[in-house]
Amino acid sequence: MYNCFMEKKKGQTIMMNEELYEALEQELEKNHVEEDVEDVLLDLAENIAERGIMDKEVIFKQSYGRTEVHGCGVCAEEDGETSVLIKWIRVGKKEFEIDDYFL
């Protein structure tokens, strides 16, 4: 059975595999990041969207205390709505394949 995590946050639905969510949550805790997984992913998506680079992969970095979170995403606009595909993120030395839309 495919388990997934789903939450409505800031008007957006976030859906991801429960196993991936838990692994990411553990890695954030291990690296002393106090923010929730959803908040980190939405922060990263907003960071990409603010750059205004459409339809191209963007590598980004965001700091949470002493921990840097790196990743890759693509921003797109359709019918006046902006969406961001986060392809992967790296917390510490561990990389997570996200491949999900946010915003």
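**Entry 1: cysteines**

I searched the whole structure for disulfides and found zero. I was working on a predicted model, and I kept that in mind for every entry that follows.

I went through two of the pairings in detail. Between β3 and β4, which run antiparallel, I noted eight bridges, and in this part of the sheet tyrosine 64 stands opposite threonine 67 of β4. Between β5 and β6, also antiparallel, there are seven bridges. These two strands form a hairpin with two residues between them, and in the turn glycine 92 has a positive phi of about 65°.

**Entry 2: the helices against the sheet**

**Entry 3: the nonpolar core**

I then asked which residues touch the most other members of the largest nonpolar core. This core has 23 residues, and those with the most contacts to other members are Leu24, Leu41, Leu44, Ile86, Ile89 and Ile98. Two or more residues come from each of α1 (18–30), α2 (37–51), β3 (57–64), β4 (67–78), β5 (81–91) and β6 (94–102). The most is given by α2, with seven residues.

I took isoleucine 89 as an example and listed its contacts, leaving out residues up to four places away in sequence. Isoleucine 89 touches Leu24, Leu41, Leu44, Phe60 and Val69, and the list goes on with His70, Gly71, Lys94, Glu95, Phe96 and Ile98.

**Entry 4: salt bridges**

How many salt bridges does the count come to? I recorded four, and I wrote down three of them in detail.

The side chains of lysine 30 and glutamate 27 meet in a salt bridge, at 3.8 Å from N to O. Because lysine 30 and glutamate 27 are three residues apart in helix α1, about one helical turn separates them. I noted a contrast in accessibility within this pair, since lysine 30 is exposed, with a relative accessible area of 59%, whereas glutamate 27 is buried, with a relative accessible area of 7%.

Another salt bridge joins the side chains of glutamate 68 and lysine 61, at 3.7 Å from N to O. Here I found glutamate 68 partly exposed, with a relative accessible area of 34%, and lysine 61 partly exposed at 46% relative accessibility.

Arginine 90 and glutamate 95 also meet through their side chains in a salt bridge, at 3.3 Å from N to O. I checked the strand pairing here, and glutamate 95 in β6 is the bridge partner of arginine 90. Arginine 90 is partly exposed, with a relative accessible area of 28%, and glutamate 95 is partly exposed too, with a relative accessible area of 47%.

**Entry 5: positive phi**

Most residues other than glycine have a negative phi, so I looked for exceptions. Where is histidine 32, a residue with phi near 60°? I placed histidine 32 in the loop between α1 and α2, and noted that it counts as exposed at 68% relative accessibility.

The phi of aspartate 55 is likewise positive and near 60°. I found aspartate 55 in the loop between α2 and β3, where it counts as exposed at 60% relative accessibility.

Notes: Residues are numbered from 1 along each chain as its sequence is written. This is a predicted model: local features need pLDDT of at least 70, side-chain atom pairs count only at pLDDT 80 or more; totals for chains, interfaces and linings use all residues. Side-chain values use heavy atoms; hydrogens and water are left out. A nonpolar core is a set of buried Ala, Val, Leu, Ile, Met, Phe, Trp, Tyr and Cys residues joined through side-chain atoms within 4.5 Å. Buried means under 20% relative accessible area, exposed over 50%, partly exposed in between (1.4 Å probe, protein chains only). Helices (H or I, at least four residues) and strands (E, at least two) are DSSP runs, numbered from the N terminus. Contact means heavy atoms within 4.5 Å. Two strands pair if DSSP finds at least two bridges between them. A disulfide is a pair of cysteine sulfur atoms within 2.5 Å.
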